Protein chains: 2
Amino acid sequence: MNILIKNVILNNEKKDLLIEDNLISKIDDEINISADEVVDYKGEKAVSPGFINCHTHSAMTLLRGYADDLPLNEWLFNKIFPAEAKMDNEDIYWGTKLALVEMIKSGTTFFNEMYLFRGCEGTIRAITEMGVRAVYGICLDDSNFEKVKEFVLPQKTDLIDFAIAPHAIYTASEETLRWAKEFSDKNNLLIHMHLSETLNEVEECIDKFGKRPVEYLNDLGFINEKCVFAHSIWFNNKELEILEDKGCSLVYNPSSNMKLSSGVFRFEDVKNKGINICLGTDGAASNNSLDMFEEMKIGALLQKSNDIDPTHAKAEDIFLSATENGAKALLKKTGKIEEGYLADLIFIDLQKTYFSPNFNFISNLVYAAKSECVSDVMCNGKFIMKDRIIPQEKEILKKAKELSVKFT
Amino acid sequence: MNILIKNVILNNEKKDLLIEDNLISKIDDEINISADEVVDYKGEKAVSPGFINCHTHSAMTLLRGYADDLPLNEWLFNKIFPAEAKMDNEDIYWGTKLALVEMIKSGTTFFNEMYLFRGCEGTIRAITEMGVRAVYGICLDDSNFEKVKEFVLPQKTDLIDFAIAPHAIYTASEETLRWAKEFSDKNNLLIHMHLSETLNEVEECIDKFGKRPVEYLNDLGFINEKCVFAHSIWFNNKELEILEDKGCSLVYNPSSNMKLSSGVFRFEDVKNKGINICLGTDGAASNNSLDMFEEMKIGALLQKSNDIDPTHAKAEDIFLSATENGAKALLKKTGKIEEGYLADLIFIDLQKTYFSPNFNFISNLVYAAKSECVSDVMCNGKFIMKDRIIPQEKEILKKAKELSVKFT
């Protein structure tokens, strides 16, 4: 199977792209071969790497708007946890599909998922049916090691890699962390966990272990280039040095951090250390979107405001965190438009007001564009949205509404 | 002319609305009369008051993305001012039309404009042709009093009221401020100006006048309920007391304040004083959107993050600042859906993913929805967008692109 994309704008130039199977096989001024499918964008659409959402909990989209504007503990313990306790595999299947509708429509082609073991089967089915690339981190608790092990190892698909996800240092025991690390090493799996999201987490860690979270994990030999740490707010300089030395990736989750008043990610400090910065939306219960356009803009603005420096978190840096850096963290050859890279591409309608004028395409993507400018989405060499139409959308929205009744 | 709207969702109930001329004349469970136009939304769309953008500079949309991520002085003096100097009346006409395309498509039906006297004619023509309600504050400088006076007084239209806009205390002389106040009193005009946007402005004011900006204006007898102050960041408690006492309105401009690192509006303190809080996007050169959905979300998140309290700037409060409070500031009977109010309405497509589930419509509008959920827009009793189509859009975008070349 090959697809020839004609006359698409790439870095301000009109180009042709040849997609063979799941790869970008050729980029040139003009490619003339017979292909299974030819799409001519006539210079009216630009191509961008699909966004890579490096931290989310998809099925929580079923709880979008269920509890807002509450103190953190009330939100979590009285609202979210009891609602999640009602979610079974089928809810998680439909909740994940609902999330994927929003992700595809806002240009995400690859996401780093973390969710409950209870919904494993539903999550995998949803991702497979929707055709988006994922790393799926199954939440470990202190009693599900063996089940996770049996489940994960035979499941890898073309689209889905697995990660191991000890939720956080305040929920996972030392034994769980050690098991996760060993399992990751042995099976070459990524580790996805929350780290230093709140000041309270740091203070509890110091009380319990006499050291800060990064020191605690480092002393367990836990941190390496396979670790993707979400939120990653409350690090001191010594911790940043450890993280740099070990080569892990950090995920900036600006909307969620702001909505829950968690704190502000040290973007420029982390960048200046050379640590890989990715971007993520977190789940829809604490965002309440899964839209990487919005996340890029909010992420850039928060840094400028917090650091009192408008030159911080530049559009280019934020765009990298939403594309190339995510691919680096998740160890896939995607997030860039070059020959030999995975064909995970979004096509942007330049006839929208956001690109009129168009002095700087990346600036317009980050600061002006809204998700509706994404007309077509390709993942792994296949179109999964054309002209903003996702075939199953209506059924998914209807089902999600029906299922949400159980939480009221 | 009357329009009957059937089966639209209002406060979670299916209602019929009768629009007669430019007013909402009747709201009931069922209205059965013959009307000039009948629109049946079949329970699939919700109605909301159109948004009221209380501070913007429309024509600057031509400079969207022209200069980002720069230090404030470099941005303003080396980039924006020289580019603005090249803008003539015709540029301002097309720039304003471009802005209005984005405003209409994101549900704004009423805006508080501030822009150059040089583009008066173009601004008025653009607003009139696009059919959006406006208060247009013409920028005063120290030499254009008489011209402004002659221009403003005969111009009031059905859609456009005029305001007088001394730009800021650091650009307008005391004489200009006194003239503006007198002219406002005599002709019952609103006053629209920037106030205490940066800490530097406050420090300069103290150096020059020995008092803070609000004290300076108050000692001139300047402040009353006709004043709408944009940005309004750097007030101390004493200044807030004066502002409360005088009954003016303040405009929160979160995206611009963040992008330019200006500071953080004291939302809860201002609210607790009972001062009227409006919301505005500022111009597209410092946002770079004119989208009140985005502004609501960013505005809520910034407060929670900055105050370290997730209960601050609740969805309901932010929604009021984007609707009812704006109408109060601009002295128009709009911003609410009640009989006798102006028919400035937006119709929201509930079949979008943002409303699936729909536990709380206002929360979904503020935290989840993107502007593409606005299907139809009515202003002053007339549909100005249906099914997201604005008749002149293509021509406007094309012209804006052509004109933008002069700034490169």
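Modeller: Happy to, and keep in mind that this is a predicted model. Let's begin with a helix pair in chain B: α2(B) and α3(B) cross in a right-handed way.

Biologist: Which residues make the contact between α2(B) and α3(B)?

Modeller: From α2(B) there are Asn89(B), Glu90(B), Ile92(B), Tyr93(B), Thr96(B), Lys97(B), Leu100(B), Val101(B) and Ile104(B). On the α3(B) side you'll find Cys120(B), Glu121(B), Gly122(B), Thr123(B), Arg125(B), Ala126(B), Ile127(B), Glu129(B) and Met130(B).

Biologist: And how do the residues of that contact divide into nonpolar, polar and charged?

Modeller: Nine are nonpolar, four polar and five charged.

Biologist: At what angle do the axes of α2(B) and α3(B) cross?

Modeller: Roughly 30°, and the axes of α2(B) (residues 89–105) and α3(B) (residues 120–130) come within 8 Å. Angles under 35 degrees count as roughly parallel, so α2(B) is roughly parallel to α3(B).

Biologist: Nice. Changing topic, how many cavities of 30 Å³ or more does the structure hold?

Modeller: Four. The largest cavity has a volume of about 110 Å³.

Biologist: Which residues are the closest to the centre of the largest cavity?

Modeller: Those are Glu294(A), Lys370(A), Asp291(B), Glu294(B) and Lys370(B), out of 16 lining residues. Two or more lining residues come from each of α11 (292–307) and α14 (361–368) of chain A, and from α11 (292–307) of chain B. By class, that lining has seven nonpolar residues, one polar and eight charged.

Biologist: What lines the second largest cavity?

Modeller: Chain A gives Lys304(A) and Pro310(A), while chain B gives Ala67(B), Asp68(B), Asp69(B), Leu70(B), Trp75(B), Lys259(B) and Leu260(B). The space there is about 50 Å³. Five of the lining residues are nonpolar and four are charged, with no polar ones.

Biologist: Which element gives the most to the lining of the second largest pocket?

Modeller: α1(A), with nine residues. The elements giving two or more residues are α1 (72–85), β7 (108–115), β8 (133–140) and α6 (199–209), in chain A.

Biologist: How many of that pocket's lining residues are nonpolar, polar and charged?

Modeller: The second largest pocket is lined by 17 nonpolar, 13 polar and nine charged residues.

Definitions and conventions
Residues numbered from 1 in each chain as written. Chains lettered and ligands numbered in written order. Predicted model: local features only at pLDDT ≥ 70, side-chain atom pairs only at ≥ 80, totals over all residues. Heavy atoms only, no water. Axes fitted to C-alpha atoms, helices over the stretch in contact; angles between N-to-C directions. Helix = DSSP H or I, 4+ residues; strand = E, 2+ residues; numbered from the N terminus. Parallel < 35°, antiparallel > 145°, perpendicular 65-115°, else oblique. Left-handed = near helix turned anticlockwise from the far one by under 90°. Contact = heavy atoms within 4.5 Å. Nonpolar A, V, L, I, M, F, W, Y, C, P; charged D, E, K, R; others polar. 1 Å grid on protein atoms, 1.4 Å probe; cavity = no way out; pocket = protein on both sides within 12 Å on 5 of 7 lines; lining within 4 Å. Points joined across faces, edges and corners; volume = space filled by probe spheres on them.
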